[in-house]
Amino acid sequence: MSDKGQIFEKITKLRRELTHHAKLYYVYDSPEISDYDYDMMFDELKRLEAQFPEFFDPESPTQRVGGAALDKFGKVTHSARMDSLADVFSYDELKNFIESTAKTVPDAIYSVEPKIDGLSVSLKYENGVFTQGATRGDGVVGEDVTQNLKTVFSIPMTLPEPLNITVRGEVYMPREVFHRINRKRELEGKALMANPRNAAAGSLRQLDPSITASRGLDIFIFNFQEGELYLDGHAPKSHTETLDRLEDLGFSVVGMRTCSGSADDIIDHIEKIGQARNSLSYDIDGVVIKADLLSDRQTIGEGTSTPKWAVAYKFPPEEKQTKLEDITINVGRTGVLTPTAILSPVQLAGTTVSRASLHNLDFIRQRGIMLGDTVTVRKAGDIIPEVICAHADKRNGSETEFFMPTVCPSCGEPVFYDPNEAAAVRCTNLSCPAQLSRGIEHFASKSAMNIDGLGPQIIELLIDNDLIKSSADLYSLRAEDVRELERMGDKSAQNLIDAIQRSKSAGLERLLCDLGIPNVGEVAAEALATKFRTLDACMSATKDELLALSDFGEITAESVVSFFSRPQNVALCEELKAAGVLTDAVKEAVGDKLSGITFVLTGTLPTLSREQASKLIKAQGGKVSGSVSAKTGYVVAGDAAGSKLTKAQALGIKIIDEAALMELLGK
C-alpha cells in the first residue's frame with residue numbers, strides 16, 4: 001500500500017473511532033475512553049486532514065465544531081407542520097381531555113413522556129444523510145440552522161440505512177453545562193444567562209457556528225414527522241414503535257415513557273416524572289400526553305392550531321414554606337431602594353433559594369409580611385424566586401413590622417418617596433457608591449454604550465481603586481491604570497481601553513438610554529434623539545415639547561425635565577462631551593408619512609427582510625409591533641404568512657403586500 005493509502009486508511013479509522021466514541025458519550029452516556037484520549041485522537045485527525053486536504057470529508061467529526069460564520073439564517077418551509085400543543089394545568093383539565101377523545105376513540109392508549117424545556121427543531125435526512133435542520137418558527141416557516149445543528153454531537157450525520165425521513169426534537173442545554181458557562185461568564189464580567197432554555201435558544205441561533213459548538217448543546221428526538229422508517233416499506237403503527245425504531249437508528253430519544261389508557265395511571269406517571277424532575281440532567285416543564293396509535297390520531301383529528309390528540313400538562317410552580325430571617329435593602333442604579341427577603345435556604349425547582357425580591361413597601365403590606373414570618377415562596381416561571389404570602393397563624397409573637405429606612409444604607413444620605421413612581425423610595429445622593437456601580441454597569445451594557453469586558457467585577461475594582469467616580473471618568477482611563485488590577489494583564493487592559501474608546505461613537509440614542517433618566521428606556525431615548533438631535537437640545541427641552549412626542553406621557557416628560565434640572569446631572573453631561581463622547585444623533589431624522597400608524601410584519605417578503613422593512617417604516621414615523629391587535633393599522637403579509645394573518649383577517653385589519661407598503665412610503 002502506498003504512503004498516501006496508509007494515511008487515508010489512518011484518517012478513515014480515526015473518523016470511525018471518533019464517531020463511535022462520540023455516540024457512546026453523547027447518546028448512551030457510557031464512554032469507553034477518557035476525554036483526554038478522545039481529544040488526542042481528535043487533534044490527530046485535524047492535523048492529518050490539514051496536511052492532506054485531498055481527503056476532506058464533510059461528514060468528518062472535525063466538521064462538527066463550527067465553520068465560517070453566516071450573514072443571516074435562511075428560511076425553511078416545513079413540509080410537515082410543526083404544531084404546538086394545547087396546555088392543561090390541572091388533573092381535572094387532563095381528565096376532560098381524555099374524556100373528550102374517548103368520545104371518538106373509546107379505548108385510546110396514550111404515550112406519556114417528559115416535556116423537554118428547550119427549542120424545537122426538525123432534522124431532515126436524504127438517503128440516510130443529514131441535509132437540513134430548522135427551527136420551528138411559526139410552525140410553517142422556520143430558520144435554517146443546519147450548520148449549528150451539526151455541532152450537536154448526539155445528532156447523527158449519517159444513518160445506518162439510506163432512509164428519507166424528517167424527525168422532530170428538542171435542543172436543550174444540560175444543567176451542568178449551563179452552570180459551567182455562567183461561572184465562566186461571571187469571572188469574565190459578562191451578563192449571566194437567565195436559564196438553560198433561553199441559553200439553548202440563543203446558542204442555536206448564533207450566526208457563528210463555532211460559538212454554538214462551544215455551548216455543549218444536546219437533543220432529544222420526540223417525534224417522527226414524515227418519510228419511511230423502513231426500507232421494506234413497512235408502516236409503523238404507533239408512536240412508541242417510531243421512537244424505538246429511531247433509537248435503533250442512532251437517535252437519542254426522549255426517555256421515561258409509558259403507555260396507558262387509564263387517567264389514574266397517566267396521573268401516577270406524571271407524579272413520578274415530577275418527583276424525578278430535579279434529579280434530571282436537563283430541564284423539563286411538563287409532561288406530554290398523546291394518542292399512541294397513529295390511526296387513532298387520524299380519527300381524533302386536528303384543531304385549527306393544535307392537534308386534538310395531544311396535550312401538554314404543565315407543572316405548577318413548586319411552592320414551599322420557609323422562614324423570613326431578615327429584609328435587606330438593595331440600592332439600584334437609579335437610586336431606588338428595593339427590599340429583599342433573606343430566607344432560610346429552601347430547595348425550589350432544583351436550586352437552593354435564600355433570597356427573593358419584595359419589590360416595595362406596598363408589596364409587603366398587601367401580603368401582610370412581617371419580619372420573622374413563615375412565608376410561602378415559589379419560582380415564577382421556574383426562574384425568579386418570589387414570596388407569595390405570609391402565614392399569620394404560625395406567628396409566635398416575636399415577629400415585627402418592617403419599615404423602609406429613612407437614610408440610604410449605601411451612603412447614609414436621606415431618602416425620599418418619589419411621587420412619579422408608585423411606592424418608590426429613592427436615595428437623593430447621585431454620588432452614592434451603590435448607584436455609581438450599578439449606573440456604570442448599565443452605562444456599559446450591550447443595550448447602552450456596549451463596552452465589551454466592562455462587567456460588574458471590573459467596575460467594582462475600578463471604583464475600589466479610586467480610578468473612576470462617574471461614567472465620564474471611564475474615558476480618561478489608560479491601559480497602565482488598569483493592567484495591575486486583579487485578573488487584568490497587558491492584553492486585557494488594552495482590550496478594555498479600546499472598547500471604552502470605541503463606545504464614544506455610540507451616538508445620542510444610546511447615550512440618553514445610558515444616563516439613567518427615570519422612565520426613559522430604549523424607546524423613549526430614541527424618540528428624544530430623533531426629535532431633538534443633540535444632547536444640548538434635549539437638556540433644554542420643555543415639558544410641553546416633550547409631551548408632543550408620541551411615546552411620552554406626563555410622568556416621562558417630568559422625569560426628563562427633572563433630571564436635566566439637577567446641577568450634578570448637567571455636570572456629568574458636560575464631562576462626557578469634554579471626553580469626546582458623541583452627543584449628536586447618529587440615526588437619520590424621521591419623516592412623518594406613517595406617523596402614528598402601527599404595522600405588523602408576517603411571512604417572507606419578496607425583496608425586503610423584516611429588519612429592512614421595519615427600518616423603512618420607523619424612518620417615516622411608523623411603529624412595528626410583533627402582535628396583531630385592534631390598534632394595528634396594517635398587516636404586511638408575505639409568503640407563508642401564519643397566525644398573524646389569520647388574526648388580522650378575523651379583526652378586519654387591512655392587509656397589504658410589500659408593493660403597497662412601498663407606495664405608502666412614497667418609494
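Colleague: Let me begin with the cysteines: how far is the sulfur of Cys427 from the closest cysteine sulfur, and which residue holds that sulfur?

Modeller: Keep in mind that this is a predicted model. The general idea is to ask whether two cysteine sulfur atoms lie within 2.5 Å, the cut-off for a disulfide. Here the closest cysteine sulfur to that of Cys427 belongs to Cys411, at 3.6 Å, which is too far for a bond. Under this rule the count is zero disulfides.

Colleague: Is Cys427 buried or exposed, and how does Cys389 count?

Modeller: A residue is called buried when its relative accessible area is under 20%, and exposed when that area is over 50%. Cys427, with a relative accessible area of 5%, is therefore buried, whereas Cys389 counts as partly exposed because its relative accessibility is 26%.

Colleague: Which residues touch the most other members of the largest nonpolar core?

Modeller: In soluble globular proteins, nonpolar side chains tend to be buried together. In this model the largest nonpolar core has 65 residues, and those touching the most other members are Leu94, Leu123, Leu149, Ile165, Leu246, Phe251 and Ile289. Strand β8 (residues 218-227) supplies the largest share of this core, with five residues. Apart from it lies another core of 56 residues, which includes Ile459, Ala472, Cys513 and Ile517.

Colleague: What does Ile165 touch, once residues up to four places away in sequence are set aside?

Modeller: Among its contacts are Leu123, Tyr125, Leu159, Phe224, Leu246 and Phe251, but also Lys124, Glu226 and Glu228.

Colleague: Turning to helix packing, at what angle do helix α22 and helix α24 pack?

Modeller: One reads the angle between the axes, and angles under 35 degrees count as roughly parallel. Helix α22 (residues 610-619) and helix α24 (residues 658-665) pack at about 25 degrees with their axes 10 Å apart, which means that α22 is roughly parallel to α24. The crossing is left-handed, and the contact is made by Ala613, Leu616 and Ile617 of α22 together with Leu661, Met662 and Leu665 of α24.

Colleague: How are α3 and α9 oriented to each other, and which residues meet there?

Modeller: The axes of helix α3 (residues 91-102) and helix α9 (residues 263-276) come within 11 Å and cross at roughly 140 degrees, so the two helices are oblique to each other. Their crossing is right-handed. On the α3 side Tyr91, Leu94, Lys95 and Ile98 meet Ala263, Ile266, Ile267, Ile270 and Glu271 of α9, and Leu94 is also one of the residues that touch the most other members of the largest nonpolar core.

Note on methods
Residues numbered from 1 in each chain as written. Predicted model: local features only at pLDDT ≥ 70, side-chain atom pairs only at ≥ 80, totals over all residues. Heavy atoms only, no water. Buried < 20%, exposed > 50% of the residue type's maximum accessible area, 1.4 Å probe, protein only. Core = buried A, V, L, I, M, F, W, Y, C linked by side-chain atoms within 4.5 Å. Helix = DSSP H or I, 4+ residues; strand = E, 2+ residues; numbered from the N terminus. Contact = heavy atoms within 4.5 Å. Axes fitted to C-alpha atoms, helices over the stretch in contact; angles between N-to-C directions. Parallel < 35°, antiparallel > 145°, perpendicular 65-115°, else oblique. Left-handed = near helix turned anticlockwise from the far one by under 90°.
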